[in-house]
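Please work through each task before reading its solution.

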Amino acid sequence: MNPRQTVRKAGIALLRARIADPPLSRWDPQPALRTPASEIRRAAFPAVDAHNHLGRWLRRDGSWMVDDVGALLAMMDELNITTIVNLDGRWGAELAANLDRYDRAHPGRFVTYCHLDWGLLRSRRATGELVAQLRASAAAGARGLKVWKDLGMRVRDGRSRLVLPDDPRLSDVFGTAGQLGLPVLIHVGDPVAFFRRPDRHNERLDELRRHPTASRAAGLNALPGLRGPGLPRLLEALESVVAAHPRTTFVGAHVGCLAEDLGEVARMLAAYPNLCVDISARAAELGRQPRVARRFIERFADRVLFGTDAFPPAADGYRAFFRLLETDDDHFTYSPSVPPPQGRWAVYGLDLPPEVLRQVYAGNAARLLPGVRPVAAAPSPPAGPARRPDPRPVS
């Protein structure tokens, strides 16, 4: 190497040393893009949040998810949210407490779903006891059944065998839900990335490093109770249940539990008229495939439900969804969190037509979900979102 090359190499090394090299957990790139930004203060049409949590079971201290129900109602009015479906009813006394606090105290504004006590699967009469509990919850006022992802990944019977949604012992339960007119909002599995090895190819690696127990990669997670079947088997169980109970309405949570593959979700929707989906907690997935997502929602406009799964409910969370659904904005954040919680990418607005927005926001919920009151149609489409130049780079 001649002296000139040596000097050049040393200069490049010096420049490289002056360039920041932060760990991934601290990397927060600020895009240099400047694009128009829409400010959506309230939903263009009355909206029903078909997937949220207002109860106590997700709080470690046993407190209510919402401290001030009056303040929540005021926020709902401000945002044009007519009704929230509360998925935290559980059963027995906890169901009664939720119904008293929300549904009965504020008729028409809240609709509470029950759960089932999967501990009953340890009984020799599991099917009968679960059916009886579901009937009791319906009689008490529950308007739907929430099936969480623990069924299929954690719930075990009296012989310590993992129980999946398509277990024969649960067939009468889902059939009874249909007889009682209770929709079943069901969540199986987790995002696709959680079932892949948390290596340099995983698109949600930083999230998995923050929450290592979320990893479902085969052979990786050794913590008790976290081992389970792969995602294909869980999705197979979901489809089996939907196919076996055509008279029961199923709501596939989080875009049918597979927002990363809308083609597969479309196949299931086309095959099973009793299946619909909500879009809760998947703004990051829908917004990074805006053209595909818009075509998907337009095709199944009568079976897509607005929902957020953002709890406690907050105005900023709702407005992020409004911007996603109503505008054609480019490259904006889906969350104020740093780093964003569900993937390090920006999203793009879907710019759904007014007639589709009406259905997704509330029309489908009023038709498919008992207890949700119909909302009068707006006399004319809104003028459109207020547009303003973004004074700063989009972030």
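The exercises below refer to this predicted model.

**Exercise 1. Aromatic pairs**

Task: Determine how many aromatic pairs the whole structure holds, and classify the pair formed by W57 and W148.

Solution. 
Step 1. A search of the whole structure returns 10 aromatic pairs.
Step 2. For W57 and W148, the ring centres are 5.4 Å apart and the planes make an angle of 90 degrees. Planes over 60 degrees apart count as edge-to-face, and the pair of W57 and W148 is therefore edge-to-face.
Step 3. W57 belongs to the loop between β2 (47-52) and α2 (69-79), while W148 belongs to the loop between β5 (145-147) and α5 (150-153); the pair therefore ties together parts that are 91 residues apart in sequence.
Step 4. W57 has a relative accessible area of 23% and is partly exposed. W148 is also partly exposed, at 24%.

**Exercise 2. A second pair and a cluster**

Task: Classify the pair formed by F296 and F300, and state which residues ring pairs link into a cluster.

Solution. 
Step 1. The centres of F296 and F300 lie 5.6 Å apart, with 55 degrees between the planes.
Step 2. F296 is buried, at 6% relative accessibility, and F300 is buried with a relative accessible area of 5%.
Step 3. The cluster consists of F306, Y318, F321, F322 and Y361, linked by ring pairs.

**Exercise 3. Charges over rings**

Task: Identify the ring over which R288 lies and the ring over which the charged end of R323 sits.

Solution. 
Step 1. R288 lies over the face of W345, 3.8 Å from the ring centre.
Step 2. The charged end of R323 sits over the ring of F332, at 4.0 Å from its centre.

**Exercise 4. Strand pairing**

Task: Describe the setting of β2, and then give the strand order of the open sheet that has 5 strands.

Solution. 
Step 1. β2 is mostly covered, as 6 of its 6 residues are buried.
Step 2. β2 runs parallel to strand β3 (residues 81-86), to which 4 bridges join it. Within this pairing, V48 has T83 in β3 as its bridge partner.
Step 3. Together, β2, α2 and β3 make a right-handed β-α-β unit.
Step 4. In the open sheet, the order is β5-β6-β7-β8-β9, with parallel pairing. β5 and β9 (304-305) each have a single partner strand and stand at the edges, so one side of each is left without a neighbour in the sheet.
Step 5. The partner of β5 is examined next. β5 pairs with strand β6 (residues 184-186) in the parallel sense over 3 bridges, and K146 has L185 in β6 as its bridge partner.

**Exercise 5. Backbone geometry**

Task: Which residues does a cis peptide bond join, and where do V255 and A281 lie?

Solution. 
Step 1. As a reference, most residues other than glycine have a negative phi, and most peptide bonds are trans.
Step 2. The cis peptide bond joins F311 and P312, with omega about -10 degrees. P312 is in the loop between β9 and α13.
Step 3. V255, a residue other than glycine, has a positive phi near 60 degrees. V255 is in helix α9 (residues 253-256) and is buried, with a relative accessible area of 1%.
Step 4. A281 is not a glycine, yet its phi is positive, at about 55 degrees. A281 lies in the loop between β8 (275-278) and α11 (283-287). At 14% relative accessibility, A281 is buried.

Technical notes:
Residues numbered from 1 in each chain as written. Predicted model: local features only at pLDDT ≥ 70, side-chain atom pairs only at ≥ 80, totals over all residues. Heavy atoms only, no water. Phe/Tyr/Trp six-rings, centres within 6.5 Å; stacked < 30°, edge-to-face > 60°. Helix = DSSP H or I, 4+ residues; strand = E, 2+ residues; numbered from the N terminus. Buried < 20%, exposed > 50% of the residue type's maximum accessible area, 1.4 Å probe, protein only. Lys NZ or Arg CZ within 6 Å of the ring centre and 35° of its normal. Pairing = 2+ DSSP bridges. Right-handed = clockwise from strand over helix to strand, strands pointing away.
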